[in-house]
Amino acid sequence: MIKANQRTAVVILNWNGAEMLRRFLPSVVANSDDARIIVADNGSTDCSADVVAAEFPMVEWLALSENYGFAEGYNRALQQVDADYFVLLNSDVEVSPQWLRPLLAYMETHSEVAACQPKLLAEGQRTHFEYAGGAGGFIDRYGYPFCRGRVFGEVEADQGQYDSPASIFWATGAALLIRRTDWTEVGGLDGRFFAHMEEIDLCWRLRARGRDIVCVPQSVVYHVGGGTLQQGSPRKTYLNFRNNLLMLYKNLPEAELQSVLRWRCWLDLLAALQFALKGSWGEAKAVVRARKDFKALRSDYASVRKENLQKTRLQPIPERWNISLLWQFYVRGRKTFQQLKKTGL
């Protein structure tokens, strides 16, 4: 079993998260063997720097000049880190003993794998998977993500049903281990996303170029989730819808692009209508604004799309299911990953 070492850098992006650092850094320090632990700070104005200096002197502090968001914050931080493996770890994650060892052991024996994630359980309800990643993520034909252990808002209890390592479409950005060479090859995260969908976009680019993404559930972490933008936040809704559309435009094969985007136009308008009917006017407006801004930004991404398609080596991608998740979930009543059908209705 490989042991973590200075070849591995655990990088925690922080923004005004002093209390989160006090609460969760102890588990990271205690359980990460001798990996480097770095807090990359996105221009915090709270006492985060003092907390790390006084209470965690073994943790490195990397200060960024302003809040660049999740995506660009990590891009700028990792430019300054020398390691063979990067671990992107949210500040609201508690790790279990020796959590890095299964991940690194798998990577060391599977050179075809670019990135992997542990099993993600809910910190507040440890018998259940956590929304942001479960036991590994997938995506449907129209860009809707889902996980082993979570489909839309339905989160399963962890009963060992997903305890085998599995190839996945995307690994959660809450606890993502990636080879530095792969990170560099694809250019890291899309900084223009700011936050949300950036790890799915990263994994799509890696997977399309023939690199594998895996969940290694022998490693377990516990995630609070929603620490920065809570569910129901119009800002979160806006970023999720806008970035999802940009991700589709950047990565969809030419033969599917127009059809999928036409469907998404109607599905997004339906989502906006549902928000409005529930009285969530801020979220309804966020969906409309996301679509408007996607159209404005689309031309800026034309060269990125061209590059992604030129570098595509794997098509179709097996972990991108050719289904409508909305249809299976709402019409067919398939609420868990195991109930979903990979093809057809």
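1. H128 belongs to strand β7, residues 125–129; strands are DSSP runs of E with at least two residues, and helices are runs of H or I with at least four, numbered from the N terminus.

2. This is a predicted model, in which local features need pLDDT of at least 70 and side-chain atom pairs count only at pLDDT 80 or more, while totals for chains, interfaces and linings use all residues. Residues are numbered from 1 along each chain as its sequence is written, and side-chain values use heavy atoms, with hydrogens and water left out.

3. The whole structure holds 16 aromatic pairs (Phe, Tyr or six-membered Trp rings with centres within 6.5 Å; planes under 30 degrees apart are stacked, over 60 edge-to-face, the rest tilted). F152 and F329 form an edge-to-face pair, at 5.0 Å centre to centre and 80° between the planes. This pair links distant parts of the chain, 177 residues apart: F152 is in the loop between β10 (150–151) and β11 (154–155), and F329 is in helix α11 (residues 325–331). Both F152 and F329 are buried (under 20% relative accessible area with a 1.4 Å probe, protein chains only; exposed is over 50%, partly exposed in between).

4. W321 and F337 form a tilted pair, 5.3 Å centre to centre with 45° between the planes. W321 is buried because its relative accessible area is 7%, and F337 is buried at 13%. Ring pairs join W321 and F337 with F129, F138, F146 and Y162 in a cluster.
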